[in-house]
Amino acid sequence: MIGDTPENEAPPHHSRPELFEAIAAHDQKTELLKKGHANISTFIVGDPQVVEIAENWHLGYRLDDRFEIVEIRGGKGSSGMGIVFIVEDDRGGRHAVKTLQRRFRRELYLLRRFVREARTWMLAGDHPNIVRAERLEIIEAAPCLFIEWVPSDEHGAHSVAQRLARGPLSVAETLDVAHQCCQGMCHATRAVPGLVHRDLKPENLLSGPDGIVKITDFGLVRTQALADDSLEQWAQSDLFTDLPQDITHAGTIFGTPAYMAPEQFTRAGEVDFRADIYALGCCLYECLTGLPPFIVPSGSTIERLLAIKRMHLVEPPRPLREVMGAACPPALDALIRRCLAKDPRERWRSYEELGVAVLSLMDSLGLHPREIPDPSPTPAEIAAQMRSISLLEGYDQAIHMRKLREGQEESPYAFHLALASYFHCAGDRREEEEQLSKALSVRGASAGYEAVRRLADLWIRQGHAPRADALLKAWRQQMPDALEHVLEPAVRAACACGRTDDALDMIAPFPDNFRTQLLRAEIMRARDDCGGLRALLDAMRDTLLAETRRKIAGIAPGAVVGWGREGDRDAFIQVLAEVDPGLDTRILTQTGQAIWPDIGGYPDFAPEVAWLSYVFGEIAAMENGDSGARQADHARTLGYPGRLEDHLERDEYWFWMRESQFAKPRSA
């Protein structure tokens, strides 16, 4: 009960400290990725301002092919920037799905604010007086926050605002709303330090048939962690620009004018919880009278906005005793007037203090607080929220993408591929697979070769070669002339399934280069053809050393040379001195170094380093004694194992749709 909990007590167990830990872990992982892979915000292609969302989300439409839309709430002209779809899953369960209206989805700072809202909402934890944020999904490139569905009561009302449409509430009902709101906000502010909702209003106080009030819509929330947010400061300067026609939405960036505290009009980015206490006072005033404390009935949008701002700043509201007469207890009038004090210092000092006053008033009137069950979240619900924190991190990175190549496709398909690339680099294979599957669902296998190739490759690595083989066969039936795009996973899947003859047939039309030689080596390994494999590796080594000699001969003193990693030059010189002692590598010590990706058009030795690491490593596995040990040492010096894979993924993922480094297959 509010008032019984010491202010310094730790948040309850379902304030979800594990989510804070998850966010910290992902933030740390992102920093490591940035350090290890240059600028993570540019490794994926796509401009957030041109990402398009499907326009056909209508009644009966199935989101993600799992959730059927049965009701649409809000939208242009009837809500701020969001829209809510009520959906029904295959088991008959209902959820509310909140996303941005399509007309706002081009705005980067609004997308970021939505991500921030979702994170804060989940961190607010599970409480019966807060609408529960269940999880986040990215559907057709749109961020969709799944939240608890609150059903309508017997009169069709699902919010305090809709209850008020039938007339004012009684004193007992108003105090019930006040008590429940204090409970919910007390919990939220303890779970998320410095939380300020900034948009408390009757529309955001949901109330179903059980009478339980649930606070919703944390889209304008501010927290302690966001106190110095440059996004917040930038957006604040545009508070009153491009005002919509309906004054109730004119302040939706930082509040709704009818319920905004005086300081929220002048310094919205600096307000604290006392602005919410003011807004709650406006709500309680409206509960008792049917109208908010201040009303401007006529005038233009800007005239009404300025008038209501002046009222909140300087005019006292009409006393409730004048409006209601003896029906309003003096103590209740005083309680609400203190909520509505112009000076924040004169308002209630905490939700705990206000809650104690509400309970005391209820007791004096012979009223009892509502008994509300407080179920703990299930392990599955906790897991869904934990996954959402990871997904939110990826989405936040994805909306910062910028084009790396002109003409790059911009679509939900490309956006899900971008998220898959992020999670690949973050090492989250489960989410990578999820996003690749979503990419296929919005594009279709007939055209989505990038998703098919990457998903099949992922399944092969996970030991699911038959599954990958089936996917590739289905795709190749639709695209019989596009084997080049999926050659690597197709050959590997065939080898894993024991069809090495088929694998050889696949590479036969293609020229003999490192791409096909790598695949040929895998086929020989699958056949236990040790002699053929060794001969192939020796030939690859000789070709690489010859190419190295050619490149070195073309370098002038003082030139700049490209390398894949710091330290590669010294490691390369060390290995070359042992395997090709006649090669003069002194010129390499007289050159400048450019480390990938900042290699420009300089001669790039990263391919030779990566491929030689692979060749030496594979030869070492086939030799014994001193020779094998020397080969293994060379391989390790050049970064084996994994160096070749990292080099190939530089093209595959960091540059998005790779610039082909291989010749086209010969015509039949």
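**Exercise 1. The hairpin of S5 and S6**

Task: In the hairpin of S5 and S6 of this predicted model, determine which residue takes a positive phi, and describe how the two strands pair.

Solution. 
Step 1. Begin with the turn. The hairpin has 2 residues between the strands, and Glu140 takes a positive phi near 50°.
Step 2. Turn to the pairing. S5 and strand S6, which spans residues 142-147, are joined in the antiparallel sense over 6 bridges.
Step 3. Locate one bridge. Ala133 has Ile147 in S6 as its bridge partner.
Step 4. Consider the burial of S5. This strand is mostly covered, since 7 of its 7 residues are buried, that is, under 20% relative accessible area.

**Exercise 2. A residue of S5**

Task: State whether Ile138 is buried or exposed, and list what Ile138 touches beyond residues up to four places away in sequence.

Solution. 
Step 1. Ile138 belongs to strand S5.
Step 2. Apply the cut-off. The relative accessible area of Ile138 is 0%, so Ile138 counts as buried, the limit being under 20%.
Step 3. List the contacts. Apart from residues up to four places away in sequence, Ile138 touches Pro143, Leu391, Tyr395, His416, Leu419, Gln435 and Lys438.
Step 4. Ile138 and Leu392 lie 254 residues apart along the chain, and their C-alpha atoms are separated by 9.2 Å.

**Exercise 3. The sheet that contains S5**

Task: Give the strand order of the open sheet of 6 strands, name its edge strands, and describe the pairing of S2 with S1 and with S3.

Solution. 
Step 1. Write the order. The open sheet runs S1-S2-S3-S4-S6-S5, with antiparallel pairing.
Step 2. Identify the edges. Strand S1 (62-63) and strand S5 (133-139) each pair on one side only, and these are the edge strands.
Step 3. Examine S1 with S2. Strand S2, residues 67-74, pairs with S1 in the antiparallel sense over 2 bridges. Leu63 has Phe67 in S2 as its bridge partner, while Arg62 stands opposite Glu68 in S2.
Step 4. Examine the turn between S1 and S2. This hairpin has 3 residues between the strands, and Asp64 takes a positive phi near 55°.
Step 5. Continue to S3. Strand S3, residues 82-88, runs antiparallel to S2, and 6 bridges join the two. Opposite Arg73 stands Val84 in S3.

**Exercise 4. Packing of H4 and H11**

Task: Classify the relative direction of H4 and H11, and describe their contact by class.

Solution. 
Step 1. Take the geometry. Helix H4 (residues 171-191) packs with helix H11 (residues 351-364) at an angle of about 155°, and their axes are 9 Å apart.
Step 2. Apply the cut-off. Angles over 145 degrees count as roughly antiparallel, so H4 is roughly antiparallel to H11.
Step 3. H4 passes H11 in a left-handed crossing.
Step 4. List the residues. H4 contributes Leu175, Ala178, His179, Cys182, Met185, Cys186, Thr189 and Arg190, and H11 contributes Tyr351, Glu352, Leu354, Gly355, Val358, Leu359, Leu361 and Met362.
Step 5. Sort by class. The contact of H4 with H11 has 11 nonpolar, 3 polar and 2 charged residues.

**Exercise 5. Packing of H22 and H23**

Task: Carry out the corresponding description for H22 and H23.

Solution. 
Step 1. Take the geometry. Helix H22 (residues 606-620) and helix H23 (residues 625-637) pack at an angle of about 150°, with axes 8 Å apart.
Step 2. Classify. With an angle over 145 degrees, H22 and H23 are therefore roughly antiparallel to each other.
Step 3. H22 and H23 cross in the left-handed sense.
Step 4. List the residues. Ser613, Phe616, Gly617, Ile619 and Ala620 of H22 meet Gly628, Gln631, Ala632, His634 and Ala635 of H23.
Step 5. Sort by class. The contact of H22 with H23 has 5 nonpolar, 5 polar and no charged residues.

**Exercise 6. A helix residue and the whole chain**

Task: State whether Asp333 is buried or exposed, and then give the number of helices and strands in the protein chain.

Solution. 
Step 1. Asp333 lies in helix H10 (residues 330-339).
Step 2. Apply the cut-off. Asp333 has a relative accessible area of 6%, which is under 20%, so Asp333 is buried.
Step 3. List the contacts. Leaving aside neighbours within four places in sequence, Asp333 is in contact with Pro319, Leu320, Arg321 and Cys328.
Step 4. Move to the chain. The protein chain has 24 helices and 10 strands, and 56% of its 668 residues are buried.

How values were computed
Residues numbered from 1 in each chain as written. Predicted model: local features only at pLDDT ≥ 70, side-chain atom pairs only at ≥ 80, totals over all residues. Heavy atoms only, no water. Axes fitted to C-alpha atoms, helices over the stretch in contact; angles between N-to-C directions. Helix = DSSP H or I, 4+ residues; strand = E, 2+ residues; numbered from the N terminus. Parallel < 35°, antiparallel > 145°, perpendicular 65-115°, else oblique. Left-handed = near helix turned anticlockwise from the far one by under 90°. Contact = heavy atoms within 4.5 Å. Nonpolar A, V, L, I, M, F, W, Y, C, P; charged D, E, K, R; others polar. Pairing = 2+ DSSP bridges. Buried < 20%, exposed > 50% of the residue type's maximum accessible area, 1.4 Å probe, protein only.
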